[in-house]
Each structure stands twice: as structure tokens, then as C-alpha cells.
Amino acid sequence: MYSFARRILFALDAEKAHHFTLNALNTVYKLGLIPVTDNKATKSVRLMGMDLPNPVGLAAGLDKNGEYIDALVALGFGFIEIGTVTPKPQPGNPQPRLFRVPEHQGIINRMGFNNHGIDTMIRNIEKSKFSGVLGINIGKNAVTPIENAADDYLICLEKAYAHASYITVNISSPNTKNLRALQGGDELSALLEALKNKQAQLASVHGKYVPLAVKIAPDLDEAQIEDIAHVVKSVEMDGIIATNTTIDKSSLGSHPLAGEQGGLSGLPVHEKSNRVLKLLADHIDGKLPIIGVGGIMNGKDAAEKIRLGATAVQVYSGLIYKGPALVKECLKALAR
């Protein structure tokens, strides 16, 4: 059924199709027409102190404002991550800013953290019926100078804390100017130490501990990966997500979209993401869990990330090309 729907959706502008699909999914869910997929695996997975019904999650970026949580959970995910959200609402980058590359099963986006702001997201979460594992992915506003980035992350952390199962610090989007500079050793240490200090304060205030993860890019050399591994271990982060989208579009060859600015996801990032995952797992040496994301297009890809050292996985672009059946396929492959 999805292959038929995809032909119609792919005839539309990519961003319009994105919103249409989510709104349609939400409507069908509210009408009770979605058969809720059993998300229980044969054995639950322990991640950052949380028990997941299964290790297949939804990556951030699909539901930026937490408007579709209940409908997305019905597809069988073991956990959901929403965002990226910023302190203040922002429109993101000018359109067009989302492009499909069907020949390579890839997607290019330069959305630029378009979202309605943390306060709106929280109101949406409060309307949701979901009681499972919910991650909130936080970022900085485009107008905030990079030297003041920690202020934005701290605002989001404080507001999101009571509503999140875990919180992801997004420092790896290529679509916010200079953001990836925060992955450098000194900058990364300063940011994560500030967030860990705030986390300790909030844990005392709220009487619960909400884990902190950091999301990194696939465009890192081994020295950078080793440096990041050292930092996340030394500041005692709770988890790490590998990886975000790549700025390297050489895999697209002479494709007309190869010159578009933005991050490339889907199949073209598969090998780069897996390389980072393996190196990261080697350097972290089991000190904290890794969520593997990037280029999961089938169940075999999900299983490969677990073999390389991930505790759980997340999907996004694969859903665009394969539809909801991808979740079930990944669960079956991981069960095997």
C-alpha cells in the first residue's frame, strides 16, 4: 500500500508531502483506523537507565514540535525523539529546503531548526497520551551568537526536563551557522559541563534523573572521534547518538542535486555513519550507550548497527522510502 502512496507523495513538493503525510497519519489515528503495532520485543532493552519495549526508535526531525507523538508511536516504535526545538520559535531557512534524491535513496535538507519554540512543544506533549520513552532534541536559535549557545541549550534543558524521558543535545546539524564548531574539544567540554551541572540541579528539584545524550556528525576524523569520546566520558554524559546528516555529497556523483546546500541523509550516509559508530564504540569502550542512526533502509542495516556497538537504533529517511513497514522489518531482524 505504501509503495502506491509514495508515488503520489513523491509527485508533491517534498516539504508539502511531509506535512500532508503527518496530518493524514494523525487524522487516521484519531479515527481509530491505524492498527496499533505491538512494540514489545521478546526482550526489553536497557538504554540510559530506561527500559525500552524494543530498540527501534524514531529519530528527531520528523516531528519537530511534538504534534504527532501518539500517531507515530502506533507504528511500533520502542521510543520517540521529537525536535529539534529552540527556546524561541523560528521559521528556519528559506524554501525550498528539502529535496529527495530517489536514485540514491537520499534526502537533502537545510531546514534550519524550523520549529514553534519550546513552550509550544511542551503544550503539545501535555496533550499527548503517550507514557513511554520520549526524547526531546534541543538546539540553539539561529540569531544566538555561537559564543552564547550554552544559554539556549540551558533554557531548553530547564523547560524540557519535566516532560522528557531523555534529552538530546544537537550540536551536529549542518544547517545552523557554526553549530558544528561546538563539537571541538574545549567548546564541547564547556557546553556539556554546563548542561551536566544544570541536570544535577534539575534532578534535585524534580526528584527524577533525566539522561542527557549528545548527537554528533558523520563528518569527523578519527582524532575528532577520539576527542569526543574522551569528553563525553570525562563529563559523564549518559549517551551519544551517532550520527546526524553529512555535508559530503560526493556519493551523489553528477546528480543535479549534488550541489544543494544542506545535510544528506538516507542510504548515502550509511557507510559514513557506520564508520563513526564503530570508531566511537571502540573509543568509548562500553562506558556509555550509543544510539545508531543514519542510513537504515532495511532490517539488515539496523542489525548491523547493533553489531557495530549500538544499544538501540533510530530511523527517519528510511521511513520516507520504505514506509511504516520498515519498523516491523527492523524489529524482526533484531529479534533474529
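Helices (H or I, at least four residues) and strands (E, at least two) are DSSP runs, numbered from the N terminus. The model shown is predicted, so that local features need pLDDT of at least 70 and side-chain atom pairs count only at pLDDT 80 or more, while totals for chains, interfaces and linings use all residues. Residues are numbered from 1 along each chain as its sequence is written, and side-chain values use heavy atoms, with hydrogens and water left out.

**View A. Gln105 in the loop between β5 and β6 (106–109).** Although Gln105 is not a glycine, its phi is positive, at about 50°. The residue Gln105 counts as partly exposed, because its relative accessibility is 25% and the classes are buried for under 20% relative accessible area, exposed for over 50%, and partly exposed in between (1.4 Å probe, protein chains only).

**View B. Glu236 in the loop between α7 and β10.** Glu236, likewise not a glycine, has a positive phi of about 60°. Glu236 is exposed, since its relative accessible area is 58%. For context, most residues other than glycine have a negative phi, and most peptide bonds are trans.

**View C. Two cis peptide bonds, Gln95 to Pro96 and Ala242 to Thr243.** Between Gln95 and Pro96 the bond is cis, with omega about 0°, and Pro96 belongs to the loop between β4 (79–85) and β5 (98–101). The bond joining Ala242 and Thr243 is also cis, with omega about 15°, and Thr243 lies in the loop that runs between β10 and β11.

**View D. Helix α8 (residues 270–284) and its surroundings.** The 15 residues of α8 reach 21 Å from the first C-alpha to the last, which is close to the 21 Å expected at 1.5 Å a residue, where the expected span is 1.5 Å times one less than the number of residues. The buried residues of α8 are His270, Ser273, Asn274, Val276, Leu277, Leu279, Leu280, Ala281 and Ile284. An α-helix has 3.6 residues a turn, so residues three or four places apart point the same way. The elements against which the buried residues of α8 pack include the strands β9 (212–216), β10 (239–242), β11 (263–266) and β12 (290–293), together with the helices α7 (222–234) and α9 (299–308). Just after α8, Asp285 takes a positive phi of about 55°.

**View E. Thr144 in the loop between β7 (133–138) and α5 (149–160).** Thr144 counts as buried because its relative accessibility is 13%. When its neighbours within four places in sequence are left aside, Thr144 is in contact (heavy atoms within 4.5 Å) with Ala149 and Asp152. The C-alpha atom of Thr144 is separated by 40 Å from that of Leu331, 187 residues apart along the chain.

**View F. A nonpolar surface patch made by Val28, Leu31 and Leu33.** The patch has an area of about 290 Å², accessible areas coming from the Shrake-Rupley method with a 1.4 Å probe, with only the protein chains shown counting as cover for residues. Patches are made of residues with over 30% relative accessible area and no salt bridge, like charges being joined within 9 Å and nonpolar side chains (Val, Leu, Ile, Met, Phe, Trp, Tyr) within 5 Å; a salt bridge is a side-chain nitrogen of Lys or Arg within 4 Å of a carboxyl oxygen of Asp or Glu. Leu33 sits in the loop between α2 (14–30) and β1 (45–47), and Leu33 counts as exposed at 57% relative accessibility.
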